[in-house]
Protein chains: 2
Amino acid sequence: MGAQMIRVMIADDHQLFAEGLSQALNALPDTRVVGVVSSGPALEVALSSQPAEVCIVDIEMPGGDGISSIKTLGFKTKAIVVSMHAGDDQNQRAREAGARGFFSKAVPLVTLASAIRAVASGHSLMDLDEEQRDDLLESFREAQLDPGAASLTAREREILQLLAIGVSATDELADRLYISQKTVKNHLASVFQKLAVSDRTQAAIEAIRLGIAKPH
Amino acid sequence: MGAQMIRVMIADDHQLFAEGLSQALNALPDTRVVGVVSSGPALEVALSSQPAEVCIVDIEMPGGDGISSIKTLGFKTKAIVVSMHAGDDQNQRAREAGARGFFSKAVPLVTLASAIRAVASGHSLMDLDEEQRDDLLESFREAQLDPGAASLTAREREILQLLAIGVSATDELADRLYISQKTVKNHLASVFQKLAVSDRTQAAIEAIRLGIAKPH
DNA sequence: ACGACGATAGGTCGCCCGGCCCATGATCGC
DNA sequence: GCGATCATGGGCCGGGCGACCTATCGTCGT
């Protein structure tokens, strides 16, 4: 499975936000939330037992500020600060504490996801002007797919999409794609190899996990 | 599939929150987010073309308050107000506008999910004291499962959980559960019938959709 | 113009899967 | 205690599935 999955820890006292974000990040193929805490001190404790590449930290939390925890944890901990109010003063505080990124909660999810990938790769978003920052985020917009999944052909993706919505029989797949059953089996064999699975059940699960199946 | 799926519309200017919550609600077996907007007026427009049983509305949004939109939409629109700051004054404003529920964003996801089910069933959470409210929420804590899924036995659920994480071969299932391959096939046959599917691939997909498979 | 690759398709083979019959204890509700 | 339900297990059988090998025809890129 996911070889270089980015492990993420979330610290936010608004559970609805933290749990929602957790779900959203876990739905991405290359990030996994390994912990959700609701205060700065809790973050420090959690990190000591559960390593994470990137932390998403709310700047304003009761019972232990996020900023002071980032300072305590040091620069080796890659932190991205999020805030409800995107003020320059907060941006400044985040920078001084050693955060690698600062975002308003008003930004779209894809932006945060790009930032997580950029920060996990060793970049910092704090000392860049707006254009540089946008360019860097843009270059990390695509989810790092599993080596196998990245090499899937268009036809193989079509088969996977159908598989993921429950079209599992060879003859049904053939009917839907207007090709022979034999060709379906050939494509499936390629998919199995590329995804490192051994049957269509596992392939369907991987397809769902990778977000290849689109509608819901 | 999901017969009485509750359609939910989300109005919140914090995209990170809205998108995360959207993911989280879609992951539940009985709710589906049909729209995400970032202002009051946009909510009114969206609802006119896309019906929804319940709306989650942020009380504080730039460019059109959520409260005034709820007033405009009228009582037939079932709205649950969420806020970052859970003050009595905001609670009061939400009640006067005709909202069916009011929550801080600090509440856990399960609470909001219970509230959505309660409100979708016609209840209002506003004119209850704390104890009554908690009791009502408690009674809606369980997701409404599909008729088939509800009648699954414990052992059948175990098999489904394994299936959903990629343990698809009969002999592997048998090994994991310390039973014979024949018994595995018997259980699977029951599962197929109850979920109205015809093979383990479709069963695994249903299991994921129903939230029977737990972690990832 | 040639080679790489993808989409199409066929054959064969062994094994697994799903459908349908049945049987035995254990447990629980009434 | 008696029936219902559940978990366990067996046998049988036909067809589907996955593995391996080969082949033709486009469409690229160079």
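Predicted model: local features only at pLDDT ≥ 70, side-chain atom pairs only at ≥ 80, totals over all residues.

Visitor: Why is the pair A:Glu206 and A:Arg209 called a salt bridge?
Guide: The N to O distance is 2.8 Å, and the cut-off is 4 Å between a side-chain nitrogen of Lys or Arg and a carboxyl oxygen of Asp or Glu. The pair therefore qualifies. Both residues lie in helix H11 of chain A, three residues apart, about one turn of the helix.

Visitor: What makes A:Glu206 and A:Arg209 buried or exposed?
Guide: Buried means under 20% relative accessible area. A:Glu206 has 6% and A:Arg209 has 8%, so both count as buried.

Visitor: How do you know whether B:Arg141 and B:Glu138 are buried, exposed or in between?
Guide: The relative accessible area is 46% for B:Arg141 and 46% for B:Glu138.

Visitor: Why is B:Lys194 said to tie parts of chain B together with B:Glu156?
Guide: Their closest N and O atoms are 2.9 Å apart, which makes a salt bridge. B:Lys194 lies in helix H10 (residues 181–195) and B:Glu156 in helix H8 (residues 154–164), so the pair links parts 38 residues apart in sequence. As for accessibility, B:Lys194 is partly exposed at 27%, whereas B:Glu156 is buried at 5%.

Visitor: Which residues are linked in a network of salt bridges?
Guide: A:Asp12, A:Asp58 and A:Lys105 are linked that way. Over all chains, the rule gives 20 salt bridges.

Visitor: How many salt bridges does the rule find across the interface of chain A and chain B?
Guide: The rule finds zero there. It does find 17 residue pairs in polar contact across that interface, both residues being at pLDDT 80 or more.

Visitor: Which helices of chain A each supply at least two residues of the side that touches chain B?
Guide: They are H1 (15–27), H5 (109–120), H8 (154–164) and H11 (200–209). The largest share, ten residues, comes from H1(A). That side of chain A divides into 18 nonpolar, eleven polar and seven charged residues.

Visitor: What area do chain A and chain B bury between them?
Guide: About 3000 Å², with 65% of it on carbon and sulfur atoms. In terms of contacts, 36 residues of chain A meet 35 residues of chain B.

Conventions: Residues numbered from 1 in each chain as written. Chains lettered and ligands numbered in written order. Heavy atoms only, no water. Contact = heavy atoms within 4.5 Å. Buried area = accessible area lost by both parts, 1.4 Å probe. Polar contact = N/O pair within 3.5 Å; in protein donor to acceptor, adjacent residues only side chain to side chain. Helix = DSSP H or I, 4+ residues; strand = E, 2+ residues; numbered from the N terminus. Nonpolar A, V, L, I, M, F, W, Y, C, P; charged D, E, K, R; others polar. Buried < 20%, exposed > 50% of the residue type's maximum accessible area, 1.4 Å probe, protein only.
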